[in-house]
Amino acid sequence: MVTQAGETDGGDWLVGNPSGLQLASALWIGSVGLLILGLQPVLLGALYTEGHVTGDELALVATAEMIAIAIGSGVVAMALSARNMRWKSVILLLLLTAANWWTAYAAGANALIGARSLAGLAEGGLVAVATELIARSRRAERIGGYFVTVQTLAQCALALTLALYVVPVAGASGGFLALGVVCLASLAVAWIVPDDYADLPKEEHFANVLTPGSIAALLSIFCYFMFFGAIWAFLEPLGAQFGIDGRTVGLMVSASLAAQVVGALTATVFEARLDYRLAITAIGAVALVCSLIFASGPGLTIFWVAALVMGFILLFIVPYQIRLAITADETRTAVLLVPAAQLFGLAIGPIAASLLIDKDFRPVPEFAAASAAASVALFGLFILVTRRRRAVA
């Protein structure tokens with residue numbers, strides 16, 4: 001059990017003192033909320049293959065869930081207290097179980113959009129269970145690295161299991177039912193989560209993020225994930241335009257997920273050795289170069305390299321974005337909105353890029369390049385605002 005509000009042991013936590021097992025349980029609960037990010041290609045792809053949705057409807061289902069996760073994570077983190085976290089975890093897991101089972105038996109696009117929107121709200125709440133605890137750590141960047149590592153490993157393992165054993169036998173419905181079973185099994189873990197996280201020393205929530213520094217930081221994170229979301233959603237048609245078949249692109253997607261795991265592990269090891277300003281600037285430049293490579297009509301080898309590099313940097317940057325949010329708002333309110341900024345970027349990126357598509361998919365990586373450049377520019381604005389604030393102080 002963590003200590004009561006306002007107490008601290010002067011060690012690794014600003015307030016409270018959760019055990020290693022309690023921390024691990026909270027990170028797992030948050031990871032359950034993000035499992036769908038790695039499973040969408042398998043489960044939503046099966047819905048499309050089985051004729052449950054058209055291509056346009058599939059995009060709406062995926063986008064609705066992503067936006068709902070972002071809303072759910074922000075609302076639970078900002079509007080609800082960090083009390084009774086075990087019961088909240090249990091309720092959210094049961095709600096997500098129901099949403100997954102509803103999806104398994106839903107008929108028609110509207111029902112699927114409703115089911116996945118409900119699932120997204122519950123998933124966002126589960127993400128907040130993890131981010132609320134991460135925000136209370138003096139080593140939030142490192143804990144954030146552990147979090148992205150756990151969630152990505154879980155996504156890869158479950159995606160492989162569903163793709164090889166469940167979906168071929170039981171179809172998309174079986175996949176969503178299996179996801180519901182994972183949620184039910186996680187109820188045992190929910191009872192290990194610290195029940196009371198203790199209050200962070202902060203004033204009004206929204207006042208802390210309505211500052212130029214916090215807004216610039218969150219918008220920089222948003223634009224970075226727009227870059228990734230745009231290219232990731234259109235990787236297959238983009239490859240087809242350059243003569244790369246769908247099966248090969250599918251292998252690239254799997255390899256990119258593995259690269260994400262490597263990126264998350266690498267960030268966890270090196271996060272204390274790299275200054276967040278250098279890391280974010282360098283990764284933003286790499287994102288820009290990757291986008292320009294995709295826009296240039298690359299051959300198979302270069303396309304492969306760009307896809308793997310893009311996968312690696314996606315999660316490598318997360319611990320440094322957490323440090324960015326902490327620097328922008330020392331009360332750590334902005335940290336609670338980092339997942340929302342990331343998920344909104346992943347959801348809006350494909351929508352915005354799709355508006356530029358006619359018959360040519362080249363505008364997609366061009367839009368991604370603009371998003372990456374905007375992310376770096378906004379980060380530069382954050383640095384200027386921070387320096388001015390320190391000079392005034």
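Reply: Searching the whole structure turns up seven salt bridges, where a salt bridge is a side-chain nitrogen of Lys or Arg within 4 Å of a carboxyl oxygen of Asp or Glu. The model is a predicted one, in which local features need pLDDT of at least 70 and side-chain atom pairs count only at pLDDT 80 or more, while totals for chains, interfaces and linings use all residues. Residues are numbered from 1 along each chain as its sequence is written, and side-chain values use heavy atoms, with hydrogens and water left out.

Some background on such pairs: side chains of opposite charge can pair when their charged atoms come close.

One of the bridges joins Glu-65 and Arg-116, with 2.8 Å from N to O. Glu-65 belongs to helix α3 (residues 55-79) and Arg-116 to helix α5 (residues 109-134), so this pair links distant parts of the chain, 51 residues apart. Helices here are DSSP runs of H or I with at least four residues, numbered from the N terminus. Glu-65 is buried, at a relative accessible area of 0%, and Arg-116 is buried, also at 0%. Buried means under 20% relative accessible area, exposed over 50%, and partly exposed in between, using a 1.4 Å probe and protein chains only. Glu-65 and Arg-116 also belong to a network of salt bridges that includes Glu-123.

Another bridge is formed by Asp-196 and Arg-83, whose closest N and O atoms are 3.0 Å apart. Asp-196 sits in the loop between α7 (187-190) and α8 (205-209), and Arg-83 in the loop between α3 and α4 (85-105), so the pair ties together parts that are 113 residues apart in sequence. In this pair Asp-196 is buried, with a relative accessible area of 10%, whereas Arg-83 is partly exposed at 25%.

A further bridge brings together the side chains of Asp-360 and Arg-362, at 4.0 Å from N to O. Asp-360 counts as partly exposed, with 32% relative accessibility. Arg-362 is likewise partly exposed, with a relative accessible area of 28%.

The search of the whole structure finds zero of them, a disulfide being a pair of cysteine sulfur atoms within 2.5 Å. For Cys-290, the closest cysteine sulfur is in Cys-223, 17 Å away and therefore too far for a bond. Cys-223 is buried, with a relative accessible area of 9%, and Cys-290 is buried at 4%.

Technical notes: Helix = DSSP H or I, 4+ residues; strand = E, 2+ residues; numbered from the N terminus.
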